[in-house]
Amino acid sequence: MYDISLYGHLTVDRIFEKFNKRNGLGSIANVWKALINESPELKLYICPTEIGSAIVYIDKDIGERYSKASLSNFIQKPEIKSSKINHILYLNELKKPSFIPLLEGINCADICVGKKVNYLLLKYIDYLFIADEDCDDYEELKKHTRGKVIVHSSNGSYWEGGSYDLPPSQILKNVNVLGAGDIFAANFMLGLLENYSFPKIIEEAHLKTTERLSNG
C-alpha cells in the first residue's frame, strides 16, 4: 500500500525569467518534489500517463507566471497501484482519463488553465483543486464533484461552506510562483494523511506553500 500515487502529466519545461533561461521538469515532478521536501519517508508511486513539454515565463515583480504547453506528446496506459491517496494532474487536459474510475482510495485532482473539464469525471474526485484565476464555472464544478472543490490563490482559499485568508504578513511579493499550486496540493495531501481537520489542512497547505516559495 502506497501513501500517495501520482498520475497524469509530466512536462519538460523551458523556463524564462526575463532573458535568463533554464530547463526543468514540471507537473508531477513539482508535486513529487514538494512531498519529498516535507516528508522524505513517504511511500510514493509515480506513474506519468502523459508526457509533454512547456515554455514558461516567470514575472517575479508581479508574482505571476505564463505558459504554453503541449501536454500529451506521449501517452501510456498506467499500472494502477493500491494507495491511500491518488493525485491526478491535470484533469481537464488528460487525453486518456479512462484509468480514473479504477482508482481506489481518496482521489485528488488538479485543473490547469486550458480546456473545460469533463464533468463526468468529477464523480470520482474527492478533492478538486483549481486556481482562482482559472475558475469561471465554480457552481458547475461544485454540482458535479463527489467531494469538495477548493479554489485557491496566493491570498487564501474558498470552498462550499468556508474560506481561509492568509495573514497579511504571509502574503508573498516578488517571488517565483512556478509550481505554487502543485506545492499547495502536495501539502494538502500530507494533511489528509495526518488526519487533520479540513480547516487545518487548508491552513497548513497555504503556510507551507508560502514558506517553500519564500525560500526559493
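This is a predicted model: local features need pLDDT of at least 70, side-chain atom pairs count only at pLDDT 80 or more; totals for chains, interfaces and linings use all residues.
**Notebook: rings and charges**

I began with Lys43, whose charged end sits over the ring of Tyr2, 5.1 Å from the ring centre.

Next I looked up Phe198 and found another lysine: Lys148 lies over the face of Phe198, 5.0 Å from the ring centre.

How many aromatic pairs does the structure hold? I have 10 in my notes. One of them joins Phe129 and Phe188, with 5.0 Å between the centres and 75° between the planes. I wrote this pair down as edge-to-face, because an angle over 60 degrees counts that way.

Where do these two residues lie? Phe129 is in strand β7 (residues 127-131), and Phe188 is in helix α3 (residues 180-193). They are 59 residues apart, so I marked the pair as a link between distant parts of the chain.

Buried or exposed? I checked Phe129 and Phe188. Phe129 is buried, at 0% relative accessibility, and Phe188 is buried with a relative accessible area of 0%.

My next pair was Trp159 and Phe198, which is edge-to-face, at 5.0 Å centre to centre and 75° between the planes. Trp159 belongs to strand β9 (residues 156-159) and Phe198 to helix α4 (residues 198-214), so this pair ties together parts 39 residues apart in sequence. Trp159 has a relative accessible area of 9% and is buried. Phe198, at 15%, counts as buried because the cut-off is under 20%.

Last, I looked up how these rings connect. Ring pairs link Phe129, Phe188, Trp159 and Phe198 into a cluster with Tyr127 and Phe184.

How values were computed. Residues are numbered from 1 along each chain as its sequence is written. Side-chain values use heavy atoms; hydrogens and water are left out. Rings of Phe, Tyr and Trp (its six-membered ring) pair if their centres lie within 6.5 Å; planes under 30 degrees apart count as stacked, over 60 as edge-to-face and the rest as tilted. Helices (H or I, at least four residues) and strands (E, at least two) are DSSP runs, numbered from the N terminus. Buried means under 20% relative accessible area, exposed over 50%, partly exposed in between (1.4 Å probe, protein chains only). A charge sits over a ring if NZ of Lys or CZ of Arg is within 6 Å of the ring centre and within 35 degrees of the ring normal.
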